[in-house]
Amino acid sequence: MTVQFTADDYAQRMRRAVESATSAGLAGVLVGIGPDLAWLTGYKPTAVTERLTMLVLTPDRPATLVVPALERPDAAAAPGAPALTLLDWYDAADPYHVVAPLLHPGGRYGISDSTWAMHLIGLQEALPGTGYHALSVCQPMLRAVKDHHELSRLAAAGAAADAAYGEILGVRFAGRRETEVAADLAALLRKFGHEQVDFTVVGSGPNGANPHHEAGGREIHAGDAVVLDFGGLLDGYGSDTTRTVSVGEPDAEVREVHAIVRRAQQAAFEAVRPGVPCEEIDWVARQVIQQAGYGEYFIHRTGHGIGVTTHEPPYMVAGEKQPLVPGMCFSIEPGIYLPGRFGVRIEDIVTVTADGGRRLNNTDHGLAVVS
């Protein structure tokens, strides 16, 4: 049973955002419609229009949500609303002059990445002395450490994706188009509880060498390696998993490459523990692939964070010095992509525990053979 977040949960998140802003030398946090607003307040407007909706979080004022007057009833019904002061504005008003009195004229603020440019420009014009910095840059770890209930939702999303993979193995691949298998995957994610499907990558044969291949009209043939990468949201939290299958018995090179990727994925998982820099997870996976002679064909980072969105900080990539902290959740997904031939990727979502890591995806890593 999913535990619902309470007003106290949202109040604690907003306090955390203010504390994080203060630590970063900012005057506060401004949040427009998008995943940050949903995470901080539980408010997800049913209609997203050009009208300004903005959460204002500062250490010297109560948390205030500025909303269009016609949307106030929906905002008041949000689970985090009891922890908020609601301030509405009518269409004849200038919404930026409603927000301006809540800000310090010379303050520097973190602002959510999803805030529309027109709203940022409107704020700059209303208060020319203020400065703004993207939250993903100035407070990248704001949503990174999940609490117990968030971890439960992520685990449920991972289990649902695993169930979808278990059933797709029984589907016929040969003679069907990639789009047909992708539709099967989307239907299975929904069958097992996802309210939103974000992606269903089905990269067969040479298309598997494109990590983000969009399923197309190619007919899948016997002998193809097929990369299956799929995920979405269940109870507002993300799933994302990848397995590579073979249509019929794989040839020797596909087996070899798959075995290398599997070793890289396992080595990176075993490196997960508190205090390890994010970049080390990438380095460990990359070393396995480089030593096997395929380094130039591993063309993306090893992982990304996941939560209320399927891609968010932290990132397992060279240069990311952020140490791992218990409660962080991210993908480990090394791959090898041979242009014009095939690709292999294996991906699990992993959470950091007190003394290591725990997988939230638990399907077999072996090279499954499908029909």
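These legends accompany close-up views of a predicted model.

**View 1. Helix H5 and its buried side.** Helix H5 spans residues 117-126, and its buried residues are His119, Gly122, Leu123 and Ala126. These residues lie on the same side of H5, because they cover an arc of only 95° around the axis. Ala117 and Glu125 are exposed on the other side of H5. The cover over the buried residues includes strands S1 (28-31), S2 (54-57), S5 (108-111) and S6 (131-134), along with helix H4 (95-99).

**View 2. The salt bridge between Arg51 and Asp91.** The two side chains meet at 2.9 Å, N to O. Arg51 sits in the loop between helix H2 (35-41) and S2, and Asp91 in the loop between strand S4 (85-89) and H4, so the pair ties together parts 40 residues apart in sequence. Arg51 is partly exposed, at 22% relative accessibility.

**View 3. The salt bridge between Glu312 and Arg143.** The closest N and O atoms of this pair are 2.6 Å apart. Glu312 belongs to strand S12 (residues 312-316), while Arg143 lies in the loop between helix H6 (135-138) and helix H7 (148-168), so the bridge ties together parts 169 residues apart in sequence. Glu312 is buried, at 3% relative accessible area. Arg143 is buried too, at 12%.

View 4. Asp282 and Arg286 pair with their closest N and O atoms 2.8 Å apart. Both lie in H10 (residues 278-291), 4 residues apart, about one turn of the helix.

View 5. The model's salt bridges number 17.

Methods. Residues numbered from 1 in each chain as written. Predicted model: local features only at pLDDT ≥ 70, side-chain atom pairs only at ≥ 80, totals over all residues. Heavy atoms only, no water. Buried < 20%, exposed > 50% of the residue type's maximum accessible area, 1.4 Å probe, protein only. Helix = DSSP H or I, 4+ residues; strand = E, 2+ residues; numbered from the N terminus. Arc of directions from axis to C-beta. Contact = heavy atoms within 4.5 Å. Salt bridge = Lys/Arg side-chain N within 4 Å of Asp/Glu carboxyl O.
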